[in-house]
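Please read it alongside the sequence and the model shown here.

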Amino acid sequence: MTRVRPPGPVLAPCLLATAALLAAAASCGVPDRVGSAPAAAGSGATDTSDLPESLTGQELDWSVCEPPDPAQGDDQMSPEPLPDGAAWECATMKAPLDYADPEGETIGIAMVRARSEARGAERIGSLLFNFGGPGGSGVVTLPAFGQDYAKLRERYDLVSFDPRGVGESEGLRCLDDDRLDTFFAADPVPDNARQRRALTDRLKEFAEGCEESAGDLLPHLTTTATARDMDLMREVLGDDKLHYFGISYGTELGGVYAHLFPRRVGRAVFDAVVDPTGDAEEGSLAQAAGFQLALGNYLEGCAESDDCPLGGDPEEGEDRLARFLDRLAGDPLPTQDPDGRELTQALAWSGVAQALYSEEFWPYLTQGLEDALAEEEADGTVLLALGDAMNGRNPDGTYTTLQSSLTAINCADTKSRYTVDDVRDAMDDFEDASPVFGPPMAWSLLGCTYWPVDGRRDHPDVGAEGAAPILLVGTTGDPATPYEGTRRMKDALGDDVGVELTYEGEGHGAYNGGNDCVRSTVHAYLLRGEVPEDGTTCAA
């Protein structure tokens, strides 16, 4: 079999938490409550008119970007110039920590941009990117994938940011690196009362660590507050409209922005669209089914090869994969990790899920399974590398703020607080949705149960009647934001707002997949204002 190099950090815009850390869906609901805590902060304001001139009139001090901080990602991802030599610049914008107290304490929002050479009527403005998570660093991700968006710089400055609580924007660190290693490696699916206590104890420790690290910040890490930060960016950047490209959770963030500021929406693209209508359990079930679909597609593709490590029958291949994962619960695999870590069941689940985000990652999964299932000298190194990418672990053993930030943002947003009994009652449905991914995703519903701050809402309000058209790009084989969510987002946005574009293919997000039809349609809309016919389909 052709060998492929184990990947470095893989940027997954929407993350499956197989370590029972997170409420897996970005949309959430209202189960039984556990305990009581301070509520996440909100704001009734709907524009920047209530903000002081010291914020709306601030001038950003753009300068050459420094190498990424470990909180943002691996320093191998230092910004490289675009193909035409254009450099990336970085700056920090001040925003209110609490929009209900705009004259009070501020928070620094780290930003990055590459300026367009267009001038006059050719220049549309800034195009703001959010790559999802929530918890991903836009300051690292946009330069890392800048060449994929170079065409859009013909008429826009390309701009992204670390949302509040992420990376260099007061990024959240709930546990130190050694304790995160232990946390992510631990058994995600308890089989008895002792294991359930161990799981809940870990989640309590994580929540307590977050409170100790950033207790005063936690109530202000809502999607609504980040949407208001985006409108302040629009003002500070000098744009009348917000032109926007959101991926995965970035589509929910964009929807919340459109709800708050419908008349400020410029040209906007939502790719890998979140379903804004379901509760946390419904969202997690849909995701479990989505990853099961992606796994089936991978197994069918793998079975066409003579040397597929799971064999030539997809159904038998799934059974073999499930047995392998079950064995890891009691017998982790050795790896070549310099810190001596083993491949546990939790890390293998994360690794397999990470590889299903894109068909481009399938060769890594095949190599990882070949190594791990070898009859002699089985090795879990490649699957461990994939799992580390999912969990935000850098090659030097440090962690980004990815998973801590993701948890904090989800738990500040959602009112969902599930109990162990809730999870046990739902387990049959999760196992039906996915025998492989259902159990860890069911237990992930406990991710906010012990959080010290109450969430704000049942699910995001994205109604935006009167907004300009928003292009919604859905992929039929998307594991993390299943295709059905695209139509639900369209309905929730309101009449004559959402315009659907379907990509009949694999992966989480369509634009970066390189499909000519998808890219040309997005370019025509963003660069020339040509809105495609609603329901347009692009074949793989």
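The model is a predicted one.

## Backbone geometry

Most residues other than glycine have a negative phi, and most peptide bonds are trans. Against that background, the peptide bond leading from glycine 133 to proline 134 is cis, with omega near -5°. Two residues other than glycine carry a positive phi: glutamate 377, near 55°, and aspartate 496, near 60°. Glutamate 377 belongs to the loop that joins helix 10 and helix 11, and because its relative accessibility is 78%, above the 50% cut-off, it counts as exposed. Aspartate 496 is placed in the loop between helix 15 (484-493) and strand 9; with a relative accessibility of 75%, aspartate 496 also counts as exposed.

| Residue | Relative accessibility | Class |
|---|---|---|
| Aspartate 337 | 14% | buried |
| Aspartate 371 | 15% | buried |
| Glutamate 377 | 78% | exposed |
| Serine 434 | 0% | buried |
| Aspartate 496 | 75% | exposed |

In soluble globular proteins, nonpolar side chains tend to be buried together. In this model, the largest nonpolar core holds 111 residues, and Tyr298, Phe324, Leu356 and Phe437 have the most contacts inside it. Helix 7 (residues 280-303) supplies the largest share of this core, namely 8 residues.

## Helix pairs

The axes of helix 5 (residues 223-237) and helix 6 (residues 249-260) come within 9 Å and cross at roughly 70°. Since angles of 65 to 115 degrees count as roughly perpendicular, helix 5 is roughly perpendicular to helix 6. Helix 5 makes the contact through Thr223, Thr224, Thr226, Ala227, Arg228, Met230, Asp231 and Arg234, while helix 6 contributes Tyr249, Glu252, Leu253, Val256, Tyr257 and Leu260. By residue class, this contact comprises 7 nonpolar, 3 polar and 4 charged residues.

For helix 8 and helix 9, the axes come within 8 Å and the crossing angle is roughly 145°. Leu325, Asp326 and Leu328 of helix 8 meet Gln345, Ala348 and Trp349 of helix 9. Here the residues divide into 4 nonpolar, 1 polar and 1 charged.

## Aspartate 337 in its loop

The loop between helix 8 (314-328) and helix 9 (345-355) contains aspartate 337. Is this residue buried or exposed? Aspartate 337 counts as buried because its relative accessibility is 14%, and the cut-off for burial is under 20%. A polar atom of its side chain lies 3.0 Å from the backbone nitrogen of aspartate 339. The side chain of aspartate 337 also forms a polar contact of 3.1 Å with the side chain of arginine 341. When residues up to four places away in sequence are not counted, aspartate 337 touches Leu384 and Arg393.

Helix 10 (residues 362-372) is mostly covered, with 8 of its 11 residues buried. The buried residues are Trp362, Leu365, Thr366, Gln367, Gly368, Leu369, Asp371 and Ala372. Which elements cover them? The covering elements include helix 7, helix 8, helix 9, helix 11 (381-391) and strand 9 (498-506).

Aspartate 371 lies in helix 10 and counts as buried at a relative accessibility of 15%.

## Serine 434

Serine 434 occupies the loop between helix 13 (420-433) and helix 14 (438-443). This serine is buried, its relative accessible area being 0%. With neighbours within four places in sequence left aside, serine 434 is in contact with Ala288, Gln292 and Pro439.

Definitions and conventions:
Residues are numbered from 1 along each chain as its sequence is written. This is a predicted model: local features need pLDDT of at least 70, side-chain atom pairs count only at pLDDT 80 or more; totals for chains, interfaces and linings use all residues. Side-chain values use heavy atoms; hydrogens and water are left out. Axes are lines fitted to C-alpha atoms, for helices over the stretch in contact, and angles run from 0 to 180 degrees between N-to-C directions. Helices (H or I, at least four residues) and strands (E, at least two) are DSSP runs, numbered from the N terminus. Angles under 35 degrees count as roughly parallel, over 145 as roughly antiparallel, 65 to 115 as roughly perpendicular and the rest as oblique. Contact means heavy atoms within 4.5 Å. Ala, Val, Leu, Ile, Met, Phe, Trp, Tyr, Cys and Pro count as nonpolar, Asp, Glu, Lys and Arg as charged, and the others, Gly among them, as polar. A nonpolar core is a set of buried Ala, Val, Leu, Ile, Met, Phe, Trp, Tyr and Cys residues joined through side-chain atoms within 4.5 Å. Buried means under 20% relative accessible area, exposed over 50%, partly exposed in between (1.4 Å probe, protein chains only). A polar contact is a pair of N or O atoms within 3.5 Å; within protein, one must be able to donate a hydrogen and the other to accept it, and residues adjacent in sequence count only if both atoms are side-chain atoms.
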